[in-house]
Amino acid sequence: MADSTDLSLAANWIRSSSSILIAAGAGLSASAINPHYNVGLDYTSVAAFRKLYPRMTQVSSMRCMYDAIGKHDWSPELMWGYLFTHVNKCRYNWGPTDVYQDLKAIISNQSIDSFVVTTNADGMFEQNKFDMSRFLSTQGDYSLLQCLKPCSRESVYDARPFIDHGLPHVDQQTMEVPSEFVPRCPRCHGPMFFCVRGGDWFIESAFAVGRKRYHDFIHRAIDQKQGLCTIIEIGVGFNTPSVLRWPMDELVSRFPHVRLIRVNMHAPDVPIHARKEKRAIGFDGNAADIVRQLKEFSLR
Ligand SMILES: [Zn+2]
């Protein structure tokens, strides 16, 4: 259980804020328990991987979902057999989960100007029916495929038809998909991958609209100082700290009307001056538990 004095203070910030920014990293989805599998979408968990992909532990050297990132020692047939299965299961069919629904309840007050920025490409906010006009996915999204070359900045495609085409042909024993279902770029017939920040081939312009909206939100909430702005940062670690973690530290350090609620199991520390001025609080412990308590305290 988190300290109730800290929870009360954090809930007060939420209640008295005119804007709320949710900044989410891998730790948030790791605590999003799917009731069917009874595991969170935890990319580093060996147990979750075994439960979600029992065959993959037999046919590959993978031990967890994170092992697929940057993996080169597998055939395109196995890679796409796995990726079709994974993206279908997690990006499209994970479904609503308690921690995301609690988070949505916290920003449900219509008078609050809210925005979500995340490094997660898993589409969890969309799956939990957040307002996608107030959303930026900074590292890409598994719902899009792109040319790996890329042959054109326009070579970004909805992944769904490729998955629907290939998924029924994934061999459930070998986890491979026949070569003809490996996605090829419709424009140049070269190899494709998901539109995520995996290298300098990433077509970031696919997310330009969200980025513009994020900058507009920051302008309204921070620069124009329209009342208190509370940042709720959840599960953002040190994998890519320059994307979310350090910018959130900077916002609360620079602007007196900003508050930071940091939820992080491993690294809940906040900038020391902001903590002394009671403008920043860190909570360790399970993200789902902390978010539920934040919701209960702030909706009282
Ligand atoms: Zn191409």
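Me: Hi! Which residues in α1 meet which residues in α12?
Reply: On the α1 side there are S4, L7, S8, A10, A11, I14 and R15, and they meet Q293, L294, F297 and S298 in α12. Contact here means heavy atoms within 4.5 Å. This is a predicted model, where local features need pLDDT of at least 70, side-chain atom pairs count only at pLDDT 80 or more, and totals for chains, interfaces and linings use all residues. Residues are numbered from 1 along each chain as its sequence is written, and side-chain values use heavy atoms, with hydrogens and water left out.

Me: What about α6 and α12, how do their axes cross?
Reply: The axes of helix α6 (residues 98-106) and helix α12 (residues 287-298) cross at roughly 30 degrees and come within 9 Å. That makes α6 roughly parallel to α12, since angles under 35 degrees count as roughly parallel, over 145 as roughly antiparallel, 65 to 115 as roughly perpendicular and the rest as oblique. The crossing of α6 and α12 is left-handed.

Me: Which residues meet in that pair, α6 and α12?
Reply: In α6 they are V99, D102, L103, A105 and I106, and in α12 they are A287, A288, V291, R292, L294, K295 and S298. The residues of this contact of α6 with α12 divide into eight nonpolar, one polar and three charged.

Me: New topic. How many disulfides does a search of the whole structure find?
Reply: The search finds zero. C64 is in no disulfide, and the nearest cysteine sulfur, that of C90, is 13 Å away. A disulfide is counted here as a pair of cysteine sulfur atoms within 2.5 Å.

Me: Is C64 buried or exposed?
Reply: C64 counts as buried, because its relative accessibility is 10%. Buried means under 20% relative accessible area, exposed over 50%, partly exposed in between (1.4 Å probe, protein chains only). C188, at 24%, counts as partly exposed.

Me: Where is the cis peptide bond?
Reply: A cis peptide bond joins K149 and P150, with omega about -20 degrees. P150 is in the loop between β6 (140-147) and β7 (156-158).

Me: What is the phi of K129?
Reply: K129 has a positive phi of about 60 degrees although it is not a glycine. K129 sits in the loop between α7 (124-127) and β5 (135-137), and at 65% relative accessibility K129 counts as exposed.

Me: And the phi of H189?
Reply: H189 is not a glycine either, yet has a positive phi of about 65 degrees. H189 is in the loop between α8 (160-166) and β8 (192-196) and counts as exposed at 56% relative accessibility.

Me: Which residues is L52 in contact with?
Reply: Leaving aside neighbours within four places in sequence, L52 is in contact with Y37, V39, M65, K89 and W94. L52 is in helix α3 (residues 46-52) and counts as buried at 3% relative accessibility.

Me: Last one: what does A206 touch?
Reply: Not counting residues up to four places away in sequence, A206 touches L144, V156 and C195. A206 is found in the loop between β8 and α9 (208-223), and at 37% relative accessibility A206 counts as partly exposed.

Key
Axes fitted to C-alpha atoms, helices over the stretch in contact; angles between N-to-C directions. Helix = DSSP H or I, 4+ residues; strand = E, 2+ residues; numbered from the N terminus. Left-handed = near helix turned anticlockwise from the far one by under 90°. Nonpolar A, V, L, I, M, F, W, Y, C, P; charged D, E, K, R; others polar.
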